[in-house]
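Before reading on, have the sequence and the coordinates open side by side. The paragraphs below go through one model, element by element.

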Amino acid sequence: GPLPDPAEALIAVGRLRSACLAAGLHELSITAERGFAAAPPTVTMAPVRLKASRRVRLERLHPKAVYREEPGTLKVPLPKQADVVAATLELIEEFCS
């Protein structure tokens with residue numbers, strides 16, 4: 001039968017950890033506000049080094065993203081209805097590998 005929700009969550013965390021290790025990320029956090037008119041979840045990753053071409057792509061695909069070159073951090077707000085794990089894995093693959 002189908003896996004229980006807690007088991008699915010553990011598998012999702014494992015996929016995120018594996019992707020972070022492969023990309024050389026040491027920090028990954030996903031924050032979400034709750035309540036009325038809450039902001040969408042935000043992914044923060046470090047260390048991240050973006051080439052100029054990837055910066056342009058980041059600005060085009062995620063105009064509200066914030067990349068700070070000196071500390072090497074990248075913050076990207078996710079779409080409100082996004083699958084947080086899938087969207088985070090996509091960001092890691094696209095901008096950190």
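Predicted model: local features only at pLDDT ≥ 70, side-chain atom pairs only at ≥ 80, totals over all residues.

Residues are numbered from 1 along each chain as its sequence is written, and side-chain values use heavy atoms, with hydrogens and water left out.

Start with helix α1, residues 5–23. Helices (H or I, at least four residues) and strands (E, at least two) are DSSP runs, numbered from the N terminus. The expected span of a helix is 1.5 Å times one less than its number of residues. For the 19 residues of α1 that gives 27 Å, and the end C-alpha atoms are 27 Å apart, which agrees. Just after α1, G24 takes a positive phi of about 80°.

Which residues of α1 are buried? They are A12, L16, A19, C20 and A23. Buried means under 20% relative accessible area, exposed over 50%, and partly exposed in between, with a 1.4 Å probe and protein chains only. The face turned away from the buried side carries the exposed residues P6, L10, R17, L21 and A22. Among what covers the buried residues of α1 are β1 (27–31) and α3.

T88 is found in that helix α3, residues 84–95. Its relative accessible area is 0%, so T88 is buried. Contact means heavy atoms within 4.5 Å. Apart from its neighbours within four places in sequence, T88 is in contact with L16, L28, I30, V43 and L78.

Now the cysteines. A disulfide is a pair of cysteine sulfur atoms within 2.5 Å, and by this rule the count is zero. The cysteine sulfur nearest to that of C20 belongs to C96, 8.1 Å away, and C20 is in no disulfide. C20 is buried, because its relative accessible area is 10%. C96 is likewise in no disulfide, and with a relative accessible area of 13% C96 is buried.

Not counting residues up to four places away in sequence, A65 touches L58, K75, V76 and P77. From A65 to L89 the separation is 24 residues in sequence and 16 Å in space, C-alpha to C-alpha.
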